[in-house]
Amino acid sequence: LSAPSPADRPPPPRAPRRSTTLPLPLLRPTPPGAAPLGARSRAAAATLEEVLEAARIEEASTAEASEGSAAPGGAGGGASSAASLPGQKGVLWFANIYPTKAFKFDFRQELTHKNHLTMIPDLLPKGVEVVRMVPREREGGAFVYFRAPPAFVLQVLRNLAKDEGSKEQRFMKKEDILSKVCSGISQYLKTHEVRAFLCPFPVRAHRVQGDPYLEDLQSRFPSARLRVRVEPANSLSEERIFELLRRYGELQDIEKLADGKGFSASFNYVSAAVAARNCLHRATVEGSSSSSSSVSAGGQDVPATLPKLHIEFEPFMRKWVREAITSNARYTIPLMAAMLVGTTVFIWDPLRAFSVQIRLAGLFSLPAQPAVNNGKGGQGENSGSRSLGGLWGLFIHGWGYYNKAQDSILKAARQFQAKAGSSLLADFWADRSQEVNELRRWLTDPQDRVLLLTGHRGNGQTALVREVMGVDAIHIDVASMLEAGGAVDDRIFLRHLCKSLGYWPPQGMDRQMTAILDLMLPGSGKLSRENEVLVSCQRVFSSTTQAMLLWKKRWLRSKSASAPPLPLIIVTGFTAENKARREGFFETIVTWAAYVSENQLARVLFIADSSFAEPAMVAALGNRPERLDVQELTDAGPGAVRRLLKNHFGAGYQLDLSEEELATVGGRFRDIAALVAQIHEGAQPKEAVRRLVETAEKTVRGLLMRGQQGAKWTRPQLWRAVRLLASSHGSDRGVPYDVFLWNVFRGDEVGLQSMKESGLITVATRGVNNDMDGPMTDKERAARRYKVLPGSPLFAEVYWRLTDHAGLAAVLDLEVAKEDIKRECASLQEYEADLVRLQEVDDVRHNKWRSLRDPNEALRKRKEQLLQLILEQHKKLEGYHKARRAATATLGERKEKFSAVVKEEREAAAATAAVASELAHTKSQGGFLDRIGLGFLARFGLAF
């Protein structure tokens with residue numbers, strides 16, 4: 001702009017008197033040898049003289065580095081290039097305001113959105129106005145468009161004149177003022193370290209000399225390698241490129257591009273490359289000292305076209321990795337697979353063991369509570385199990401308060417249910433406090449054997465243990481793993497198992513990697529599907545064992561006076577139907593439980609019904625019953641059931657049930673709960689008992705008619721069992737085990753165990769004295785110490801009712817008799833065939849005049865033996881045929897009775913039809929007589 005003359009120029013307004021130094025609000029300079037403070041710390045402001053002094057230091061260092069280059073224009077100048085006092089504008093690039101985005105899922109920018117608003121205004125000298133800011137979060141910085149007001153420009157001129165010892169300058173080149181301010185800010189930030197949140201490098205400021213390319217392409221990320229293209233080509237030397245780029249950071253290398261149109265520069269840090277690209281892109285620069293900056297035209301020097309830079313990021317790492325993988329796929333893919341598998345050993349397994357330790361710590365992290373007296377003059381082991389110190393102890397105590405709050409909420413919910421009158425389980429065990437205390441003592445005492453809590457199915461064992469132990473145990477619900485989709489889906493099965501033990505991250509990722517590797521290299525996955533799941537389960541148990549060992553060592557290192565506490569692991573949900581759905585899993589978990597129990601690492605309790613639990617677990621333990629400790633919960637007595645119902649329904653409720661009806665329902669929790677539910681629905685107590693019996697009868701009838709899929713007993717065997725058990729109805733005597741085994745299964749104990757697993761029968765111990773045994777020795781009494789009973793009291797009533805039904809009993813007796821006849825006939829045919837072969841020997845001797853010496857008459861004795869056996873079989877067949885004839889006669893009688901009833905009904909129906917026809921005929925005649933006036937005759941005849 002043209003400078004106005006002194007006469008035309010109005011006098012400048014007098015500014016209010018103030019200090020000649022303008023503060024620059026920066027962070028407190030870091031003293032030598034001290035670590036930099038955070039970005040929020042405030043310090044004494046820097047003066048404008050310090051900024052200008054930093055600018056002069058920057059110019060001196062630049063002049064020394066670029067010796068021989070053209071110096072910038074001095075102060076003053078003509079009217080065509082001078083700037084008047086109105087404000088000057090410029091652009092700065094502030095680097096390291098944000099953490100540079102390294103990849104697509106880098107989330108650090110989500111925490112630093114406001115860094116440019118809180119930091120940049122404090123990094124500019126006081127008096128400089130910020131016009132606008134353009135944040136570039138991916139590149140880690142922001143563009144700042146600022147304006148220097150006239151008062152700030154005047155202050156700069158005064159300070160420059162004061163420093164140079166000349167008069168105050170009214171006019172100066174715009175570039176000189178902006179370069180002084182920008183270089184001063186940049187140099188000041190280099191000597192006074194400022195750091196932003198989550199940024200590893202200090203903040204830097206650079207003046208923008210070009211026209212930056214602002215893009216938001218999602219697939220491009222900042223890189224430490226730049227591609228610098230120069231227009232025109234070969235107009236800048238490598239030395240000049242180094243001079244331009246070095247001010248932004250240290251360089252690793254500069255290479256010339258293959259096409260000769262530029263250079264490839266590598267910085268040590270990504271932030272330096274970003275600053276160089278944003279400040280120099282599309283900037284015009286002076287050539288190097290070796291190249292001319294003007295050309296001769298017509299005898300005059302005309303400025304040549306200044307070189308222009310075009311700078312782009314070069315995705316060096318991504319390109320190199322892609323090329324390395326695609327060019328060497330034969331080696332890189334197996335190497336990547338090996339690295340993924342290696343993460344399991346070095347990363348995932350330690351993390352999983354630590355997560356299991358956290359799960360175990362939750363059992364012993366509750367504040368000390370009065371423990372149950374163990375009967376040995378002291379308290380249980382949990383009384384001194386919460387004395388770990390240090391950071392680990394603090395963490396455990398914090399985790400304990402969380403568990404305590406969770407347990408308090410569950411207890412409050414249970415108490416609310418009890419007040420509402422719906423806690424039937426509490427009433428069921430209210431009269432059996434001694435049994436509950438024994439169970440609690442059994443669960444808290446140290447054990448070196450696997451624990452098994454058994455009883456009749458539906459007796460509430462699982463709910464009782466949860467009530468007794470609360471959150472002081474790890475619960476593994478196998479039913480949710482084997483029945484809720486886990487029997488088919490491996491992922492659901494493993495996820496439930498890992499969640500129960502606190503095992504995280506769960507198994508499954510390794511199996512997926514194995515499948516991918518098998519897809520790429522066929523034949524690498526040698527394990528079958530089921531064995532692979534079993535191996536995953538063994539890994540989970542192995543990691544849990546390792547966590548228990550680490551927990552025990554940590555406790556011993558704490559120098560605690562008490563013994564290390566043993567966690568209680570409760571396994572529930574195994575039934576006779578689901579234990580074989582995952583082949584080998586039941587045996588694996590029982591074997592692991594025996595190992596951790598014998599090594600005093602944990603106590604493992606299995607809860608299962610008595611139909612299968614003990615024999616199956618003994619078989620899994622290698623037929624060593626001494627490794628198993630069994631406790632059985634019995635049913636409630638009739639008196640306890642009556643008191644329970646009175647407590648549940650209240651004293652005013654009339655419970656008109658006889659002792660026989662209560663005995664029919666029995667003392668099993670599931671049956672009592674069904675009875676209570678029926679009464680709550682509005683049924684009378686007697687009607688509710690009748691419904692329960694009818695439901696059980698439908699179940700037994702269905703099994704008698706259709707059998708059970710997968711069972712190892714037949715329908716005739718079930719009817720023999722029903723007949724035999726009904727004969728002892730009304731007493732607890734039962735049927736001796738040996739008698740039941742032979743008469744029903746002919747000695748096949750596999751079928752008896754299968755029927756027991758179906759819940760149709762139970763096996764119990766017999767009393768010391770039994771009237772039906774008669775005088776017996778101790779050995780004989782020990783050999784016959786078991787008896788067979790119906791599966792439940794409801795089944796006992798059903799068995800008696802079915803045998804009392806003549807028609808159904810005859811049908812089933814006929815089927816049993818046919819099976820017995822078929823079996824005995826087969827044996828009889830074998831004896832007859834043997835006898836025929838022996839008789840052929842005698843026939844040959846008589847017909848061929850051959851003699852066979854038989855001094856002992858063995859053939860004759862053998863024939864006599866066969867004849868005796870045939871006679872025995874004949875007697876058996878007579879008995880079976882007699883039963884068949886009796887059943888046939890019964891069915892015939894019932895058929896005749898039914899035919900007689902049908903005949904009588906038909907005759908009655910025919911008579912009724914004849915009367916109706918006669919009435920209709922008489923009515924029709926009466927209508928005709930009425931029409932001719934003789935209707936009274938028809939009415940008289942009908943009455944007669």
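Predicted model: local features only at pLDDT ≥ 70, side-chain atom pairs only at ≥ 80, totals over all residues.
**View 1. A four-stranded open sheet.** Let's begin with the strands, which line up in the order β3-β4-β2-β6 with antiparallel pairing. At the edges you will find β3 (129-136) and β6 (204-207), and each of these pairs on one side only. From one strand to the next, the twist averages 25°. Look also at β2 (residues 88-95) and β4 (residues 141-148): the two run antiparallel and are joined by eight bridges. A95 has G141 of β4 standing opposite.

**View 2. Two helices lying across the sheet strands.** Here helix α2 (residues 115-123) lies across β2, β3 and β4. The direction of α2 is at about 140° to β3. Helix α6 (residues 270-280), in turn, lies across β2, β4 and β6, and runs at about 160° to β2.

**View 3. N96 and its surroundings.** A polar atom of the N96 side chain lies 2.6 Å from the backbone oxygen of P202. Leaving aside residues up to four places away in sequence, N96 touches G140, A196, C199, F201, P202, V203 and S271.

**View 4. Helix α12 and what covers it.** In helix α12 (residues 461-469), the buried residues are Q461, L464, V465, V468 and M469. They sit on the same side of α12 because they cover an arc of only 115° around the axis. The elements covering these buried residues include the helices α10 (424-428) and α11 (433-444). Strands β13 (450-455), β15 (568-572), β16 (603-607) and β17 (628-633) are also among the elements that cover them. Just after α12 comes G470, with a positive phi of about 65°.

**View 5. The largest nonpolar core, and a second one.** The largest nonpolar core has 70 residues, and V465, L605, L645, L675 and F740 touch the most other members. Helix α22 (residues 685-706) supplies the largest share of this core, with eight residues. For a closer look, pick L645: apart from residues up to four places away in sequence, L645 touches G650, L655, L662, I672, L675 and V676. There is also a second, separate core of 51 residues, with L482, C498, V533 and L628 among them.

How values were computed: Residues numbered from 1 in each chain as written. Heavy atoms only, no water. Core = buried A, V, L, I, M, F, W, Y, C linked by side-chain atoms within 4.5 Å. Buried < 20%, exposed > 50% of the residue type's maximum accessible area, 1.4 Å probe, protein only. Contact = heavy atoms within 4.5 Å. Arc of directions from axis to C-beta. Pairing = 2+ DSSP bridges. Axes fitted to C-alpha atoms, helices over the stretch in contact; angles between N-to-C directions. Polar contact = N/O pair within 3.5 Å; in protein donor to acceptor, adjacent residues only side chain to side chain.
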